[in-house]
Amino acid sequence: MSGKILIIEDEEKIARFIELELSYEGYVTNKAFDGRKGLEMAEHGEFDLILLDIMLPQLSGMEVLRRIRRTSSIPIIMLTARDSVMDKVSGLDRGATDYITKPFAIEELLARIRNALRKNLNEDVEVLSASGLVLDTGSRTVTVMGVPIDLTKREFDLLHFMLKNKGMVVSRDSLLENVWGFDFSGETNSVDVYVRFLRGKIDEVFNIKLIHTVRGVGYVIKDEK
Ligand code: CA
């Protein structure tokens with residue numbers, strides 16, 4: 001398996017060691033030695049996977065993870081020096097794909113990289129995100145800032161469709177057709193009712209503006225900057 005991997009790790013010796021091993025395996029790599037530079041590279045480069053240290057200067061690994069997940073579902077493996085359960089839990093809750101504790105055997109890291117890349121190839125599973133919300137179609141779970149939210153099937157499907165079209169205004173008709181489909185037998189204001197349910201469970205609880213109304217047209221999910 002090959003791919004382009006970004007290594008965000010401030011301990012340059014470790015970063016170089018990982019880079020050397022990965023290039024033996026046929027991966028193309030780039031390195032960043034602090035969180036700010038790493039985030040910038042993640043946002044502008046075309047990578048297949050990111051290795052992200054937690055303890056980083058400029059911006060912490062958790063913050064880098066949070067910001068990347070606003071717009072991207074790229075596989076991210078967290079590197080943690082501390083064998084801290086909290087770091088792992090909050091990393092995974094915030095959308096990390098996996099984590100590995102330093103020091104690690106390079107074989108283990110390579111296995112986790114292969115696994116994460118393979119998982120990402122499985123097109124049945126989508127991980128979509130916006131404004132701190134992460135929706136995973138594999139586990140059918142939704143979290144906001146790491147807090148799980150309970151949605152009905154219809155709410156989940158509606159949110160999923162809007163997230164897939166993030167940044168684009170979707171009309172009520174399009175939502176009815178794609179989310180309700182042949183099931184649809186209710187009132188034409190069903191979309192508005194369900195959007196209200198979603199806002200009640202997400203926007204209002206977490207005080208974010210996720211679902212925007214475009215008057216006379218429909219709705220759009222935007223990333224809060
Ligand atoms: Ca570090």
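## Burial in strand β3

A residue is called buried when its relative accessible area is under 20%, exposed when that value is over 50%, and partly exposed in between. In this predicted model, both faces of strand β3 are covered.

## The calcium site

The calcium ion is coordinated by Asp10 (OD), Asp53 (OD) and Met55 (O), at 2.1 to 2.3 Å. The spacing of these donor residues in the sequence is D-x42-D-x1-M. Asp10 and Asp53 link distant parts of the chain, being 43 residues apart: Asp10 belongs to the loop between β1 (4–8) and α1 (12–24), whereas Asp53 belongs to strand β3 (residues 49–53).

The two aspartates fall into separate classes of accessibility. Asp53 counts as buried because its relative accessibility is 3%, under the 20% limit. Asp10 has a relative accessibility of 28%, so it counts as partly exposed.

## The neighbours of β3

Strand β3 is paired with β1 and with β4. Four bridges join β1 to β3, and these strands run parallel; in this pairing, Ile5 stands opposite Leu49 of β3.

Four bridges also join β3 to strand β4 (residues 76–80), again in parallel. Here Asp53, a donor to the calcium ion, stands opposite Leu79 in β4. Between β3 and β4 the chain passes through helix α3 (residues 61–69), forming a right-handed β-α-β crossover.

Notes:
Residues are numbered from 1 along each chain as its sequence is written. This is a predicted model: local features need pLDDT of at least 70, side-chain atom pairs count only at pLDDT 80 or more; totals for chains, interfaces and linings use all residues. Side-chain values use heavy atoms; hydrogens and water are left out. Donors are N, O and S atoms within 2.8 Å of the metal (3.2 Å for Na, K and Ca); water is not among the atoms, so sites may look incomplete. Helices (H or I, at least four residues) and strands (E, at least two) are DSSP runs, numbered from the N terminus. Buried means under 20% relative accessible area, exposed over 50%, partly exposed in between (1.4 Å probe, protein chains only). Two strands pair if DSSP finds at least two bridges between them. A crossover is right-handed if, with the strands pointing away from the viewer, the path from the first strand over the helix to the second runs clockwise.
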